[in-house]
Amino acid sequence: QVQLVESGGGLVQAGGSLRLSCAASGNMFSINVMGWYRQAPGKQRELVAAITTGGNTNYADSVKGRFTISRGNAKNTVYLQMNSLKPEDTAIYYCNAERSHVPRIFYWGLGTQVTVSS
């Protein structure tokens with residue numbers, strides 16, 4: 001019902017910046033939260049940042065002050081501005097869209113690789 005396509009990943013040196021984009025299509029009527037997760041090899045997928053339709057945001061402690069999540073003027077687009085990147089940020093980054101209330105609905109993009117070199 002909802003398709004998510006990430007873009008903007010790539011290779012960057014430590015201290016550099018990347019801006020990820022997530023374009024959503026399909027029926028977004030029931031979606032009230034969009035965000036970004038990441039998963040590094042051998043580690044669990046973790047929430048990086050999320051934003052509600054009302055504009056409230058939530059960040060993982062590890063990225064606070066460095067990453068910023070935002071919505072485009074078109075609400076089917078979400079961005080993740082990543083500054084001061086560290087090698088520890090290397091992971092596959094997944095866009096998600098969800099209905100956080102019952103019945104819960106959760107969608108995932110296929111992910112985009114972010115690699116931060118030392």
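What share of the contacts in the protein chain between residues at least 6 apart in sequence join residues at least 24 apart? In this predicted model, the share is 53%.

## Strands and overall form

The protein chain holds eleven strands and zero helices, so that, read along the sequence, its pattern is β-β-β-β-β-β-β-β-β-β-β.

The C-alpha trace spans about 40 × 30 × 25 Å along its principal axes. Because a compact globule of 118 residues would have a radius of gyration near 13 Å, the 14 Å found for the protein chain agrees with such a form.

## Surface and charge

Of the 118 residues in the protein chain, 42% are buried. The protein chain exposes about 6400 Å², and carbon and sulfur atoms supply 50% of that area.

The side chains include 11 that are positive and 6 that are negative, and the centres of these two sets lie 6 Å apart.

## The nonpolar core

The largest nonpolar core has 31 residues, and those with the most contacts inside it are Leu4, Met34, Trp36, Leu80, Met82 and Tyr93. At least two residues of this core come from each of β1 (2-7), β3 (18-26), β4 (33-39), β5 (46-52), β7 (67-71), β8 (77-82), β9 (91-99) and β11 (112-117).

Definitions and conventions
Residues numbered from 1 in each chain as written. Predicted model: local features only at pLDDT ≥ 70, side-chain atom pairs only at ≥ 80, totals over all residues. Heavy atoms only, no water. Helix = DSSP H or I, 4+ residues; strand = E, 2+ residues; numbered from the N terminus. Rg over C-alpha atoms; globule rule 2.2 N^0.38 Å. Buried < 20%, exposed > 50% of the residue type's maximum accessible area, 1.4 Å probe, protein only. Contact = heavy atoms within 4.5 Å. Areas by Shrake-Rupley, 256 points an atom, 1.4 Å probe, with all protein chains shown as cover. Lys, Arg positive; Asp, Glu negative; His and termini not counted. Charge placed at Lys NZ, Arg CZ, Asp CG, Glu CD. Core = buried A, V, L, I, M, F, W, Y, C linked by side-chain atoms within 4.5 Å.
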